[in-house]
Amino acid sequence: MADTTDLYFDLAVALRLAEHANAAPAHAPSFSEHQEGTTCPGGLVWVSDQGTYLMSTGQPKIPGDDGTPNLVAYAHGWGPDDEHPSAADTHIGGDDFAEHLHLHEPLGPRSASLLDLLRRGATQGFRHLVLKATENTVTVTVSRTRPDDA
């Protein structure tokens, strides 16, 4: 297994999802938020099931451009029809999960929030939101290119 599993998402779609979540009047809570009776402050949900993708916590959902009831941003090479490694064989872990990435929490000490990172990245010519998963952490960055860009 590699030291990290890097997932590249289209930044424009990720920002569209984040702006939807930011403006939404209600949000789908995470499992722990539901159990604790707390509300979701708005975010992106990182999901692994039939592929690996991001979606908005915002309710009502944002429809996809293709007519699907929920817009999602698949990680490059991790769509439902892509031949990717099993998530269980990577640092992502088991095949099915949903992890909330809240929009307004700092990404680290002295760091911008996820929403600020996405907005700034889009205005500065970045093309990808990158989730870098290791055995114990997930870091969020933006990138102009993917390793397989020609």
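Mentor: What follows sets computed values against the definitions of the terms. This is a predicted model, in which local features need pLDDT of at least 70 and side-chain atom pairs count only at pLDDT 80 or more, while totals for chains, interfaces and linings use all residues. Residues are numbered from 1 along each chain as its sequence is written, and side-chain values use heavy atoms, with hydrogens and water left out.

Trainee: Why are α1 and α3 called oblique to each other?

Mentor: Helix α1 (residues 11-23) and helix α3 (residues 114-123) pack at about 135 degrees, with their axes 10 Å apart. Angles under 35 degrees count as roughly parallel, over 145 as roughly antiparallel, 65 to 115 as roughly perpendicular and the rest as oblique, and α1 and α3 are therefore oblique. The axes are lines fitted to C-alpha atoms, for helices over the stretch in contact, and angles run from 0 to 180 degrees between N-to-C directions. Helices here are DSSP runs (H or I, at least four residues), as are strands (E, at least two), numbered from the N terminus.

Trainee: Which residues of α1 and α3 meet?

Mentor: L11, A14, L15, A18, E19 and N22 in α1 meet L115, L118, R119, G121 and A122 in α3, where contact means heavy atoms within 4.5 Å. By class, this contact has seven nonpolar, two polar and two charged residues; Ala, Val, Leu, Ile, Met, Phe, Trp, Tyr, Cys and Pro count as nonpolar, Asp, Glu, Lys and Arg as charged, and the others, Gly among them, as polar.

Trainee: What makes H100 count as buried or exposed?

Mentor: The relative accessibility of H100 is 14%, and buried means under 20% relative accessible area, exposed over 50% and partly exposed in between (1.4 Å probe, protein chains only), so H100 counts as buried. H100 is found in strand β7 (residues 97-102), and, not counting residues up to four places away in sequence, H100 touches A28, P29, S30, E33, C40, L44, V45 and T57.

Trainee: What makes β6 and β7 edge strands?

Mentor: Four strands form an open, antiparallel sheet in the order β6-β4-β3-β7, and β6 (73-74) and β7 each pair on one side only. Two strands pair if DSSP finds at least two bridges between them, and two bridges join β4 (residues 51-56) to β6. L54 stands opposite A73 in β6.

Trainee: Where does α1 lie relative to these strands?

Mentor: Helix α1 lies across β3 (43-49), β4 and β6, running at about 40 degrees to β4.
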